[in-house]
Every structure is written in structure tokens, then in C-alpha cells.
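I opened the file and worked through it in a few passes. These are my notes, in the order of looking.

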Amino acid sequence: MNSDQNKIRNFCIIAHIDHGKSTLADRLLELTGTVSKREMREQMLDTMDLERERGITIKLQPVRMEYKDYTLNLIDTPGHVDFAYEVSRSLAAVEGALLLVDASQGVQAQTIGNLYFALEQNLTVIPVVNKIDLPNARVEDAKAELVKLLGCAPEEVLLASGKTGAGVPEIIQAVIARIPPPAGRASAPARALIFDSTYDEFQGVIAYVRMVDGALRRGEQVETIATRAQGIALEVGSFRPQRVTRDSLQTGEIGYIVTGLKDIDEVRVGDTIAPHGSAASGVAPLPGYKEVRPMVYAGIFPKSADLYEKLRECMGKLKLNDAALMFEPERSPALGFGFRCGLLGLLHLEIVSERLRREYDIPVVTTTPSVAYRVTQTDGATSVIKSPSDLPNPTKIAKIEEPWVRVDVVVPEAFLGGVMRLAGEKHGIYKNTEYLSADSAGRRAILHYDMPLAMILVDFYDRLKSASSGYGSFSYEFLDYREADVVRLDIYVAEEIVEALATIVYSDAAADSGRKIASLLKETLSRQMFEVKIQAAVGGKIVASERLSAMRKDVTGYLYGGDVTRKRKLLEKQKKGKKKMMARGRVEIPPEAYLAVLKRK
């Protein structure tokens, strides 16, 4: 190891959502002088408007700080469970992590999930109790929970406030003292791990890298070892937090490489960038990332058919920046051409839709999300069903299996009963309960359940918050596939099937789901000149029905006096016209209706 590497510390901040990661990062930038007071703003590392509006981090963001004679490379990470893949990628590029806990809320579900990620990577974890300035801060309780969780000494837990800056100098000292420097080989051929990437219209793909061995210089010919794509390092540099050009990236450093490559599929997250000819000369690729497994599938369609090609191009660019997004072309009779997308959860779907609208000016319609079911047919063939419309004829199905997840729910002891009832309703299988603090007053528990993924998709988070008066939190990870008793629920509007509204539901809940969807559509759809039937059916059998009454036009209003038979004649004619329209009429389903069904509670 050379002397330069001894002065480098690579670390990230991990925590549950809203525990103050981005605010603490702001104070670190200020204290190290990376950003001047004049340029400083809140959530400095949250570069997307969407992040700033929602107050959450969606994308990991690296930054290089200089402190005394040390170089500190920080990666700020998201906290929401849907973006856990961003966290796991960040951890592979660093040697240590600050584990943040809100002093008023204590250890939460995603705190534990992110800690598991860090321990899997053998990182040095520095526990920090943040927001100690809050009037309702439970500093000692939060500290005791961290000690119990990590098995560390109480004096190892740091106390800080990202808002006031208290304890931030001590955090920097701990990063320097406790986190080991990189251990790359400076004299070896250059190898850089791609942990993120983005696309620029003029510069092509820009890879965010961690230099593991050797050095890469500006103007050097490079290649990716897995895809064998060849390019030139048109520019190399670091983040402060904007991109700053440098002559080279040295062993152990974190920075970026402008590859000049225009094909976004050639630069994959987890691949290795090395000098030209490295693959042929046998340079070993770095261990990449395990392939991300999409948890939820939904259709994304352009509102206007002529935007399809633009949507295809933009989905490719979005995938480059969001490695957890998967997509393949799909055609719907109702919505035309679009894409079936694999995502990590409902928030992920919402963010992708919003980014398409804001960053690429493409308004989209999203269909009802579904998990991926594994279907075994009577002839022994198996397939993964990503859309309800792909489900084979029931007579050909031997069994259907659904994904199950391991769910960790962190909740105060007083709310255990309500949360356990909710988990039981959601087909959860209870495993065990652990207690975070030994304190009898107000102690908190971690409930461990196995649960079908479909059960936590739509309203589990909202109902958990209600059952725990806002104090509960949960995280989950994929477990396995298990047999399920599910059927396809079709929706008919004006006696025409609406494929985009089809869902896969449990057999015993089909009628209830059908009633909810029919009722929502009745509230959302516009009234027509004829009566509209809204029906939910399983295998052709109607299980729920609603009627949207016709708009009434006064066809006799202009008559004045005369025989009553004139009125009857006109009303009879109107009746026949409505009957004809009811038989032939079509109803256009607006995007709001799809969204109402998507977000049904």
C-alpha cells in the first residue's frame, strides 16, 4: 500500500428514511470547506427536484472532501426500502459506514436492513445518534438500542446534530481513526468498479467508479471487461459535489470517467473498467453486484401513441441511472404500445413515472402493479407471469406460486397487538419477536414474519402506520416462492374487457376486490349519454357489479302544449337511442381511473 492511500477514507451514510443523512452530509461539506457558506443550501447532495420536494434521497450521490491532509470520499444513500439496491451498490465501493439513528425515533426497520448490508460487505460501522437537539430526543435510549444491536461499547456511539453541527468534528475524527484506508495495489494494472452511471447527450455514458487498483489517466484508451466495449477516458475527475476535472484517478479514489460511449447497454453497473486490451491479457474482473431482482411489475404506456419511440429511448437512459429498473415491450388493446417494467416497489414506480414526466416530458399511464407469479402447467412447463393477461387458461394450470418476503417490523411494545392482527390479515406467518432495549418503559420490539409480497404491496405501509399511531416501520427482503390460491380478476366497462385493469387476486378475496374496483371506477369515470355497466368477473362469472347512470337530456323541453302523445313519442325515441348506444357505446378510461385502481386502499 502506498502512502497516498493511507490518507484516503471512503465511507457512506446509511440510515432509515428521514433520519438526517442528507442534513449531516451538508454539515460535513461545510466543516471540510468543500462548499462555501455562500453556495450552501439544504440537501446539497440531493440534485433532483423530486428529491428536494419530497425531502427524500432517491439516488446515491458521491462527493470528495479534503480535511487537513486527508481525502474523505463520502457517498450519501437513500433510506427508503424501495431504493435499498442503491445502498448495497454504495457499500461495495467503500470501507466504512456511518449508521445514523434519529434520537427521537430510535432504531427503525431500515436501520437494521442497511446494517445487514454493511456487515455482509465486512465494513467498519460507526454508530451515530443524530438529531440530539430535538426537544423529544431520547438520546440514552437510542444509544442503548445501538449498543444492543451492534454489540459495541457505549463510548463508541457518537452523538451529533446534523442541523446545529454539534458532534460533527468528532464524526470526522472517528472516520479517520476507525475506518481503514483502501488496500489496492498501485503498481497493478488499473481496475475500476462501476457503481453508478449517467448519460449526457454530448459526452455519452459517464461512469461513477471506485479505483480499486492502479491509475487511469485522461485520454487513455479503456474498455469494460464484461461487455468488451472500447472507449476513451475523455475526462476523469471527482465530485465536489459538482464534477471537477483532474488529470488522473489514483488507487483507492472515487470519481467519474467520461467514456464517450453512446450505447447505454455497454456500460453496466457492477462491470470493471480497465485499460484497453486488459480483457484479452487476462485481467480479472472485480466481483460485481448480484443481479437485482424486480419485486413488482407494472405497465408503463405513453398517453399519446406517437411518443412510444421517445419513451423507449428515455427508458434506456433512465435504466442507466437506475440499475434496478427492468423493462420489455408490451402491447395492450386498451393502451397501445408500451413497456412491462420490473420495479422494486410502489414508490419506485411512482418515481419512475414522475421522472419520465419531468426529465423527459413524457406523460405516461401506469397499469395496476402485480408481483411475478411462477406458473407450472399440467404438461410440466413452468413460466414466470409478469402480467395478469399472460396467465394461461385455468384448465392448463397445475399450480401457481407467489413470491414471499421476510418482513421485519419495528414497533413500540404498546402496539404489538394491533400490528400482529394486521400481519395475520395479510397472511403473515409469525416467526419471533426481539426486544431492542431492556427498558420496561416504552421498550420497542422487532417482529419477524414471513409474508406474501402481494400482501404488502398496496396498503400495508399505511395500515401499519395507523395500527402503530405512526411509530411502526418495516423492511423486507425476498425469501422464496410458495404455492398460492390465486385467480385472474377481469374488469368490464360497458361490457368491454379493460385488460389494463386486470389483476391477480386471492380466490377468497376476489368478490371484495371486484367490489372495490367497480366502486372506484363508478366514482372516477365520467357519466355518458347511456347507462354504463361496470363489472368484475373471474373466469367469466360476474362477482361484482356497479351501474353508472346515464346523463339525462330533456328532449321535450321545446314543446309547448299539444297532445301528450307527442311527448311520449319523443321519450320513446330517446329510450330506443339509449338502448342502441348501450349496446354499441364505448367508454374511454381516463388515466385518473387507472391511478385510482392502482392506489386503492
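**Whole chain.** I took burial first: 54% of the 601 residues in the protein are buried, where buried means under 20% relative accessible area, exposed over 50%, and partly exposed in between, with a 1.4 Å probe and protein chains only. The model is predicted, and local features need pLDDT of at least 70, side-chain atom pairs count only at pLDDT 80 or more, and totals for chains, interfaces and linings use all residues. Residues are numbered from 1 along each chain as its sequence is written, and side-chain values use heavy atoms, with hydrogens and water left out.

I counted 15 helices and 31 strands; these are DSSP runs numbered from the N terminus, helices being H or I of at least four residues and strands E of at least two. For contacts (heavy atoms within 4.5 Å), I looked at residues at least 6 apart in sequence: 69% of those contacts join residues at least 24 apart.

**The eight-stranded sheet.** I traced an open sheet in the order β11-β10-β16-β7-β8-β15-β12-β13, with antiparallel pairing; two strands pair if DSSP finds at least two bridges between them. Its edge strands, β11 (230-232) and β13 (243-246), each pair on one side only. From one strand to the next the twist averages 40 degrees, with axes as lines fitted to C-alpha atoms (for helices over the stretch in contact) and angles running from 0 to 180 degrees between N-to-C directions.

I then went to β7, residues 191-200. Eight of its ten residues are buried, so the strand is largely enclosed by the rest of the structure. Nine bridges join β7 to the antiparallel β8 (residues 204-213), and the two form a hairpin with three residues between them. R191 stands opposite D213 in β8. Towards β16 (residues 272-275), also antiparallel to β7, I found two bridges, with L193 opposite T272.

**Cavities.** How many cavities of 30 Å³ or more does a search of the whole structure find? There are two. The search used a 1 Å grid over the protein atoms alone; a cavity is a set of points where a 1.4 Å probe fits but cannot get out, and lining residues have an atom within 4 Å of a point. Grid points are joined across faces, edges and corners, and a volume is the space filled by probe spheres set on the points.

I looked into the second largest cavity, which holds about 30 Å³. Its lining consists of V222, E223, T224, A229, G231, T259, L261 and I273. β10 supplies the largest share, three residues.

**Helix α10.** In α10 (residues 416-425) the buried residues are L416, V419, L422 and A423. Seen down the helix axis they fall within an arc of 130 degrees, so they line one face; the arc is that of the directions from the axis to the C-beta atoms. They pack against β23 (397-412), β24 (429-435), β25 (444-452) and α12 (460-467). Just after α10, H427 takes a positive phi of about 65 degrees.

**G106.** I finished in the loop between β4 (96-102) and α5 (109-120), where G106 is found. G106 is buried, with a relative accessible area of 0%. Leaving aside neighbours within four places in sequence, its contacts are H19, V101, R138, A142, E145 and R444. G106 and V410 are 304 residues apart in sequence and 10.0 Å apart in space, C-alpha to C-alpha.

Technical notes: 1 Å grid on protein atoms, 1.4 Å probe; cavity = no way out; pocket = protein on both sides within 12 Å on 5 of 7 lines; lining within 4 Å.
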